[in-house]
Amino acid sequence: MDQVETSDVKLMHSNSESATCSEFDNSWCYHLSAPKAGRKLKLLESEELVFALPLIYRLIPLTSISARREWFVDLPSEEQRSQLYISLSESLSVLNKKRKHSPSVAAELNDTNKLLNLYFSDYGWRMVRKELSQIKKRKKKSHIEISNDLVIRLKEYMAINQIDTFDQAIDSLLSDQASYAADMLE
């Protein structure tokens, strides 16, 4: 593979096998054989960019490759790896700038996804998706500390009102408070 190809992604492997994906439908183009069972890997989606870009920037430097060699496609030469790294870095930069100024980043995201597919191995992309999933999960939840007395009172409220989760109970209490405040203003 003498140059990085992005129109028809050709993936070369250390064992001389190659896989070709002529179209990207946001699915990962497997370097080796696709798994028979389980969920197929997905490439980045525009809704994930806020969380994904910092992660990708952290993982792609050439210095990271030696620490996690199995995460990256084994390229024939360091020059090719450097060229791919530069192309990917530039593509990420263009995507990040466009994302900040325009809601539509489909073309830039597609280009970046193709380069990511060339850069990461199947195993590596699975690990990236796993880390991204954990980041998204952490961003959705907040942890607050409340006293045991309040937990007991909240559980009693949940039992009386047939509420299943703490989220629902707090939402109900806040809704009740908001409607009480609205009634007081009238």
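Guide: Contact here means heavy atoms within 4.5 Å. The model is predicted.

Visitor: How many helices and strands are in the chain?
Guide: Read along the sequence, the pattern is β-β-α-α-α-α-α-α-α. Counted up, the chain has 2 strands and 7 helices.

Visitor: Which residues does Leu88 touch, not counting residues up to four places away in sequence?
Guide: Leu88 sits in helix α3, residues 78–101. The C-alpha atoms of Leu88 and Asn113 are 9.2 Å apart, though 25 residues separate them along the chain. Beyond four places in sequence, Leu88 touches Ile60, Thr112, Leu115, Leu116 and Tyr119.

Visitor: Is Leu88 buried or exposed?
Guide: Buried means under 20% relative accessible area. Leu88 has 0%, so Leu88 is buried.

Visitor: What should helix α5 span, and how far apart are its end C-alpha atoms?
Guide: Helix α5 covers residues 122–140, which is 19 residues. At 1.5 Å a residue, helix α5 should span 27 Å. That agrees with the model, because the end C-alpha atoms are apart by 27 Å.

Visitor: Which helices do the buried residues of α5 pack against?
Guide: The buried residues of α5 include Trp125, Met127, Val128, Leu132 and Ile135. Asp122, Gly124 and Arg129 are also among them. The buried residues of α5 pack against α1 (49–59) and α4 (106–119).

Visitor: What share of the contacts with a separation of 6 or more is between residues 24 or more positions apart?
Guide: Take the contacts in the chain with a separation of 6 or more. Residues 24 or more positions apart account for 59%.

Visitor: What share of the residues of the chain count as buried?
Guide: The chain has 186 residues. The share that counts as buried is 32%.

How values were computed. Residues are numbered from 1 along each chain as its sequence is written. This is a predicted model: local features need pLDDT of at least 70, side-chain atom pairs count only at pLDDT 80 or more; totals for chains, interfaces and linings use all residues. Side-chain values use heavy atoms; hydrogens and water are left out. Helices (H or I, at least four residues) and strands (E, at least two) are DSSP runs, numbered from the N terminus. Buried means under 20% relative accessible area, exposed over 50%, partly exposed in between (1.4 Å probe, protein chains only). The expected span of a helix is 1.5 Å times one less than its number of residues.
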